[in-house]
Amino acid sequence: MSSELMDALVVLEKEKGISREVLIEAIEAALVSAYKRNFNQAQNVRVDMNLETGTMRVFARKEVVDEVFDSRLEISMDEARNINPSYEPGDMVELEVTPKEFGRIAAQTAKQVVTQRVREAERGIIYSEFVDREDDIMTGIVQRQDPRFIYVSLGKIEALLPQSEQMSNETYKPHDRIKVYLTKVEKTTKGPQIFVSRTHPGLLKRLFEVEVPEIYDGTVEIKSVAREAGDRSKISVATDYDEVDPVGACVGPKGARVQAIVDELKGEKIDIVEWSSDPVEFVGNALSPSKVLDVIVNEEDKATTVIVPDYQLSLAIGKRGQNARLAAKLTGWKIDIKSETDAREAGIYPREDVFDFEEEEMDESFDLVDEEIE
């Protein structure tokens with residue numbers, strides 16, 4: 001083997017992070033295959049490579065027998081004892097059978113194997129790097145698009161953004177920088193394939209982790225996320241520290257933190273509410289920015305009936321039922337909203353000893369909805 005090939009192996013080891021031993025083993029296996037194919041030899045040879053001198057030798061392993069039926073696999077007792085008098089029937093003898101033209105064949109085969117192994121190793125490295133980043137966000141650059149996917153460059157590889165994971169309020173142009181959420185990393189015969197999303201609720205959660213230090217360090221926890229991508233989202237937050245306002249921490253000074261996320265999501269409205277283990281309080285908070293008078297809980301059916309002032313009914317329901325729908329997703333409770341007048345007529349309001357929403361300070365929300373149901 002030429003010194004140039006050995007030097008190339010050293011360079012590959014440094015640049016690609018591929019172990020030289022792995023490449024050497026692959027080359028040896030490939031040379032054995034090449035020898036068998038080109039010289040019509042049986043499956044009993046091995047290649048010995050000297051890494052210091054760059055030389056190669058081929059050895060055939062033959063069994064010592066009294067009568068030879070296949071000279072490629074067997075050697076007679078007399079021939080074996082000419083090599084070493086101590087050989088007995090059943091012993092294995094190694095004979096050097098390196099052909100004169102083996103260098104040229106070896107060079108061609110080695111080149112093919114090294115190229116293939118480098119490609120496979122690079123794919124393996126990329127897969128290992130990205131499989132650990134599932135459910136995380138990365139910044140990518142839009143490269144191109146077709147009817148099914150937008151192709152986003154993540155540096156070493158292009159990720160696929162399916163049409164179903166694209167936000168309806170966005171247009172994607174080549175060279176646009178966007179943040180994407182890694183939903184799945186698959187290992188395929190053509191290398192790793194990465195799928196990303198702009199609509200996944202996890203994207204919103206990760207963006208808050210980036211923008212809000214209190215969430216990143218665990219002081220404030222995101223309990224749940226409900227999202228209708230490109231239009232409106234709600235998140236619930238909580239903290240174990242009495243001196244920390246979880247909603248205020250997410251909103252930031254003059255709304256700066258949440259505004260950065262809104263800008264990244266191209267104007268998607270975001271409501272931030274305080275989580276509570278009490279479903280009465282939590283459901284009331286989740287319907288923010290509407291005012292809630294009472295929440296009647298049905299534990300068995302995991303359902304609630306929410307009473308709101310007459311003038312707040314459309315706000316509580318939201319445009320096309322969006323506010324109520326998101327609140328239900330956020331809390332995990334079914335929500336039936338009734339106006340104060342209807343509740344009084346039904347005899348379910350007012351009740352005694354209920355949570356007083358009027359005296360509680362309303363949760364902060366970055367975006368106030370003033371649209372009524374069309």
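**Exercise 1. Find what the buried residues of helix 8 pack against, then work out where on the helix they sit.**

*Solution.* Step 1: The buried residues of helix 8 make their contacts with strand 8 (177-188), helix 5 (201-211), helix 7 (246-251) and strand 12 (269-274). Keep in mind as you look that this is a predicted model.

Step 1: Now name those residues. Helix 8 covers residues 256-264, and its buried residues are Val258, Ile261, Val262 and Glu264.

Step 2: Look down the axis of helix 8. The buried residues fall within an arc of 160°, so they line one face of the helix.

Step 3: An α-helix has 3.6 residues a turn, so residues three or four places apart point the same way.

**Exercise 2. Describe how strand 7 is joined to strand 6 and to strand 9.**

*Solution.* Step 1: Start with strand 7 itself, residues 158-162. Four of its five residues are buried, so this strand is mostly covered.

Step 1: Turn to strand 6. It runs antiparallel to strand 7, and five bridges join the two. Ile150, for instance, stands opposite Leu161 of strand 7.

Step 2: Look at the turn. The hairpin of strand 6 and strand 7 has four residues between the strands, and Gly155 there takes a positive phi near 100°.

Step 3: Move to strand 9. It runs parallel to strand 7, with two bridges between them. Leu160 has Phe195 in strand 9 as its bridge partner.

**Exercise 3. Classify the aromatic pairs Phe149 with Phe195 and Trp275 with Phe282.**

*Solution.* Step 1: The structure has three aromatic pairs. In the pair of Phe149 and Phe195, the centres are 6.4 Å apart and the planes make an angle of 55°, which makes the pair tilted.

Step 1: Phe149 belongs to strand 6 (residues 149-153) and Phe195 to strand 9 (residues 191-197), so the pair links distant parts of the chain, 46 residues apart.

Step 2: Check burial, where the cut-off is under 20%. Phe149 has a relative accessible area of 12%, so this residue is buried. Phe195, at 16%, is buried as well.

Step 3: For Trp275 and Phe282, the values are 6.3 Å centre to centre and 65° between the planes, giving an edge-to-face pair. Trp275 is partly exposed at 31%, whereas Phe282 is buried at 5%.

Step 4: Finish with Trp275: the charged end of Lys223 sits over its ring, 4.5 Å from the centre.

Terms used. Residues are numbered from 1 along each chain as its sequence is written. This is a predicted model: local features need pLDDT of at least 70, side-chain atom pairs count only at pLDDT 80 or more; totals for chains, interfaces and linings use all residues. Side-chain values use heavy atoms; hydrogens and water are left out. Buried means under 20% relative accessible area, exposed over 50%, partly exposed in between (1.4 Å probe, protein chains only). The arc is that of the directions from the helix axis to the C-beta atoms. Contact means heavy atoms within 4.5 Å. Rings of Phe, Tyr and Trp (its six-membered ring) pair if their centres lie within 6.5 Å; planes under 30 degrees apart count as stacked, over 60 as edge-to-face and the rest as tilted. A charge sits over a ring if NZ of Lys or CZ of Arg is within 6 Å of the ring centre and within 35 degrees of the ring normal. Two strands pair if DSSP finds at least two bridges between them.
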